[in-house]
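Please consult the sequence and the structure alongside the points below.

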Amino acid sequence: MFSKHGSQLRATTPGRTDVKEVNVSGGPSIDLLDMEIDFAFMSDERRQQLTNPVPEQDVPAPYQYSEDDVLEPCGVKMSTNRQGQPHYTNHIEKARGRDFQSFDVAAAASRPIKTHRRRRQFHDSPYRRPEFATSYENYLDRDALIPRTDHRSSSRARDTPRALFQHRSQAVPVAMADFDRRDERDYDRRGTDSYRGGGSKRPRDVDDDGTAYRDDRRGPQRRRRDDPPRRRYEEPPFPKLRRLLLNIASSTKLPQDEAVDIATYFGEHFDDERLRSDFFDLFVQLIVEQPFKIPFVAAVAFYGNDVKPEITIEAMKRVGDRAQQAFDAGEWKDFKLLLRFFACLQSLYQDDGIFSFLGQLFDKIVDLQSEDENDVVGIELVKIILLTIPYAVVAGGSRFHEQAQQLLKNTGIVAGNALPIESVIHSYVGDESLKPMAYHSVIGLLQAQLTAEAEAGFPLACIPHFDPEALRKSIKEEDAENLPAAPPTHAFPTFNVPTLINPGPRPVFPEAYFSLFADQEANTVPATTDIASSLIRDAIVDTINQLDFNREMVAKFLVDVDCYWTIDVFAKRGTPLDKFKDVTGEKPQYKSEDMIIDAIFSQLFKLPSAEHKLVYYHSVITQCCKVAPQAIAPSLGRAIRTIYKSLPVLDLELGYRFLDWFSHHLSNFEFRWRWTEWLDDLALTNLHPKKAFILAALDKEIRLSFAKRVRSTLPEQMHSLIPERLDEDNSPDFKYDNPQTPYAAEGQALLHQLRKKAPPEEVQATINKIHEQAVEHGIAEVLVPSTDAFVTAICRLGAKSLSHVLSCIERGKDRLLEISQNEVARRQIVASVVEYWKDHPGVAVRIIDILLNYTILAPMTVIQWVFGSHLGGGEALTESWVLEMVSNTVAKVTNRNRQIASARIQKGLPADQIEMVDATLAKDRDNARELFKYIEDATRGVSEGSSDILMEKKASGALSEEDAQLLQEWGGRWHQTFLRKAQVEESVVGEQAVEARIKLLAAEPDTEGANGEASNGEAQMSLA
């Protein structure tokens, strides 16, 4: 943390200065108040006023205003004095005997004048006085209130005496020249020697002997307005509290001092019921949405206990109510963050405080594990306990070390058990020696780290510590006597742990710890044995996921991550890697940029699924690069290179996510990348994961731009990877334009008929001709050539845009549905689309997706085509668009099953609807199992080398041993990916999972909200 020592400048005004006589009969004008007024800018009437000043009159002593006086905006109006100058009368002040008209302004100017606020605040202030009146010849120069910065040399500013500033701050009516502000600014610019460059090396206001003098060419100077100074605007209590609370730990002031100030100020206004309610609403929201600030928000409640114990009591009640709601709804992330707040107040509780509740929570975990040894909710609760213990130990001190150690012994039993699904959520597959890091479960890692911390006495150096006596030290001795001798303690809130635990609206799975930079020689991130790796990672990840509605603020908080932890945890931002060791020395410090990138990729690569849409994490990385490009970009480049090196052993789905992000990220930064680093990999076979990644990335980039643009960003050695034929913005060739193509005449006729919207009879007549020729050629399935011609004609006609192809599919929908009754013809539809768009496979994937939506194609049709005729010896598994097509098809099936399961888990369904939904769910569940089994069998054959075509190619020499081994590795990665997807679906929509949901729903009371909808939270559950 940092502290700031600032001083506030207070300008004082000297006493009144008499006005000199002016020669009105001619000759040069005499200076008034030594202000160097140039009469050339004044009107004749104004010059007459200045040259004939009003004689002095005896005036009463000015009223000394206090800082508490507030000018009511409704009580101000403008009037004129006898010189025609604008004048203000405040009826409230007049009633108090403080009429402004009774003041001599020149005499009143002798009181201290406070520094004015900025121009923006002046404009926005509701207490701003009108500076302009149309009925007056002259107007008041508002700019005289704002400190002005001229473009002049530093020596002039340095040599200007402060007495001159004080002298000019006197505001008298006769000193205000009638000139245009715009003219004055232009004059100042012309008279400034350093404006827009140029100027002599020596300032004009310095003589040869170095003596500074005033430059008379600067023109008239601004001065303060000639009315009584405006009172300082006091910020209302709640906006001030809101600003202070939201900005806690985000400024250069010590967070501990900020917490003391907030607690003290809130205590002064605690009796305001509306302010109190709004403040605690914000208080709870800040805990849930900004996890970095939880210890500092808890510090406000801690110091509030000294100021007014009711602050802490109300804070605990509000947070406790919200935590109970989160627990009942299964919102585990919110519950964890709210429980962390209570852990930070451990020293204020009676008895064991939060450790009693954590023990109760562990007893419930034991019950859940006894009922089902594969229960995942219990695993999630263990993770919450382990992440709460460190904060409770830091806040409570050494007297709670024994309770923490006992709790760790209990959780070790559960944390050491591995669930079956953990075997398929490993980030790396294949040879163990090639994996960048071994597999670690999050709770297993936490358990080991906390055990090591317990043996060392719980140092927990990364968590910020606060001085419990900070508030008492900050107040005066006479005020300290009003404080209690010791802070009052409170009972820990009581939480209701139900018999049946709601698993929550989202499926819960074990989590693997993923890191790109951990356990490396540079040590830019904490080692996996350090508790800081888990605590800081958890806070970063929660910030990313909780603030998904505002990626700009997420990027800001991430870049400022070093502000929210102990000051020695992180090295200076933007430290280059080659100088990192020299800067940190022997101290264990980390690069905040590496930890940010590490945490974002851990969520982007989270298995089995990410918390949010993947494009959200893309946007967070992009925003971080925009906020701090010089710091983030080098770490991001190292991350890309690290992932690229690990592609041969990286999980298939994670490899595709990396490909998708990489191409998207490059498109946001003009497709710039150091491709020359990968030129050596161009010599690899297309079956190698690195070469396949390069080809897929270029294809993705072309989708996001166009071929010629992408080629211009590549080194010359890579130009051959993008064929020149793709440069032309033309539709793919229509193969039936070639007379040598079989059925060329009929194919052209079908295209013409579709374009002219011919009646179905004419189209059928052309198709019959194709059937007759197919029989003559000895083709058994005559629908294959006719379907090929018809679908290719649709693709050619709809090649201009997506709307065109939709229109063409709609036009030929009846014919396509008729064709789809034949299994072979359905597969030919897929083959024809892919063949026509072979140079743009992304378009083919999109059209197949549309045909699935129209139910022209069945999901099994697409899967059978991919793993049947298109698979070959396994070469298709290396193409990214094939994985995209299969994943999209499987996602349609699983999403439908989840929607049906969600419909089943509704309260109050009639018996006939329950029977119908159950029957539909059972049928679709079996279809999904059949789909997954087909994929698993096909990929297993490739991974084991038992595929018929693969064996034939190996025997004939068409595939080398090295290429065959690469194909087997591709098959292994495909097999694990879809085995994982199948297990995930079983845990979500399987019979056991749905029965558990129904049982939980039946145990909840029948309650309805005001709008008649179920309010139990489960009826609104989403299984997606």
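F266 and F270 are both buried, where buried means under 20% relative accessible area, exposed over 50%, and partly exposed in between (1.4 Å probe, protein chains only). The model is predicted: local features need pLDDT of at least 70, side-chain atom pairs count only at pLDDT 80 or more, and totals for chains, interfaces and linings use all residues. Residues are numbered from 1 along each chain as its sequence is written, and side-chain values use heavy atoms, with hydrogens and water left out.

**Aromatic pairs**
- Rings of Phe, Tyr and Trp (its six-membered ring) pair if their centres lie within 6.5 Å, with planes under 30 degrees apart counted as stacked, over 60 as edge-to-face and the rest as tilted.
- The count by this rule is 44 aromatic pairs.
- F266 and F270 form an edge-to-face pair, because their ring centres are 5.4 Å apart and their planes stand at 75°.

**Charges over rings**
- R276 lies over the face of F270, 5.0 Å from the ring centre; the criterion is NZ of Lys or CZ of Arg within 6 Å of the ring centre and within 35 degrees of the ring normal.
- The ring of W970 has the charged end of R973 over it, 4.6 Å from its centre.

**Cysteines**
- The structure has zero disulfides, a disulfide being a pair of cysteine sulfur atoms within 2.5 Å.
- C624 is buried, at 0% relative accessible area, and its sulfur is 7.0 Å from the closest cysteine sulfur, in C625, too far for a bond.
- C808 is buried, at 5% relative accessible area; the closest cysteine sulfur to that of C808 is in C795, 9.1 Å away and too far for a bond.
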